[in-house]
Amino acid sequence: MPTTKANDRVQLVFSLFDADGNGVLEADDFELMGKRVIEAVPEAAGSARGRMLDAFRGYWETLVRELDADGDGRISAEEFTAIVLAPERFGATADAFADALAAMGDPDDDGFVERPHFTALMTAIGFQRPNIDALFDAFQPVDGDRIPVTTWADGIRDYYRPEKAGIPGDHLTAGAAR
């Protein structure tokens, strides 16, 4: 059973992924969001940038395959919630997305995401700065104001788990306008 926090997290992600603001998700939303994200860390390796674009495209392809029964190429908020909160249907896609986004934040490939890269990526997605800072702090940064790549990737995975509450990702919905 999804927690209230899980539903809040998913509704926020839907609103952010609706890059053109028309109330539904379409392939162009994921292309636009992917481009915004890879532009946020220009020093990221070409392979990380390609992996990120592939993850956004894979996210879209999973949604269409699982939900677009009428073939109109559009996903509503209700349809989105149904799949994203079903790890058995969406888990592999969330894993690929988590790994790709976290890797984008580590352009020097040292295993850590520094706050400026984290902030740039999360801002490109559309999260609010106070929420971004609260999330980064919840990951308990280590020396140099950085977090392990694996910590962020695991945090992203937790964000999509319907049974999870009280996780660092809940900082993203606190006071977030939709």
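**Exposure, contacts and fold**

Me: Is G166 buried or exposed?
Reply: The terms rest on relative accessible area with a 1.4 Å probe and protein chains only: buried is under 20%, exposed is over 50%, and partly exposed lies in between. G166 has a relative accessible area of 74%. This value is over the 50% limit, so G166 is exposed.

Me: What pLDDT do local features need in this model?
Reply: Residues are numbered from 1 along each chain as its sequence is written, and side-chain values use heavy atoms, without hydrogens or water. The model is predicted; totals for chains, interfaces and linings use all residues, side-chain atom pairs count only at pLDDT 80 or more, and local features need a pLDDT of at least 70.

Me: What pattern does the chain follow along the sequence?
Reply: Helices (DSSP runs of H or I, at least four residues) and strands (runs of E, at least two) are numbered from the N terminus. The chain has eight helices and two strands. Read along the sequence, they give α-α-α-α-α-β-α-α-β-α.

Me: What is the radius of gyration of the chain?
Reply: The value is taken over C-alpha atoms, and the globule rule is 2.2 Å times the number of residues to the power 0.38. For 178 residues the rule gives 16 Å, and the chain comes close to it, so it is as compact as a globular protein of that length. The C-alpha trace spans about 50 × 35 × 30 Å along its principal axes. The radius of gyration of the chain is 15 Å.

Me: Why is helix α6 (residues 115-125) described as largely enclosed, and how many of its 11 residues are buried?
Reply: The buried residues are R115, H117, F118, T119, L121, M122, A124 and I125. Helix α6 is largely enclosed by the rest of the structure because, of its 11 residues, the number buried is eight.

Me: Which residue has a backbone oxygen that the side chain of N131 reaches?
Reply: N131 is found in helix α7 (residues 129-138), and its relative accessible area of 4% makes it buried. Leaving aside residues up to four places away in sequence, N131 touches H171, L172, T173 and A174, a contact being heavy atoms within 4.5 Å. A polar contact is a pair of N or O atoms within 3.5 Å; within protein, one must be able to donate a hydrogen and the other to accept it, and sequence neighbours count only if both atoms are side-chain atoms. At 3.3 Å, the backbone oxygen reached by the side chain of N131 is that of L172.

Me: How far does the backbone nitrogen of N22 lie from a polar atom of the side chain of D20?
Reply: D20 lies in the loop between α1 (4-17) and α2 (27-40) and is partly exposed, with a relative accessible area of 43%. D20 touches E26 and D29, not counting residues up to four places away in sequence. From a polar atom of the D20 side chain, the backbone nitrogen of N22 lies at 3.2 Å.

Me: What is the phi of Q140?
Reply: Q140 sits in the loop between α7 and β2 (146-148), and its relative accessible area of 62% makes it exposed. D145, in that loop as well, is partly exposed at 32% and has a positive phi near 55°. Q140 is not a glycine, yet its phi is positive, at about 55°.
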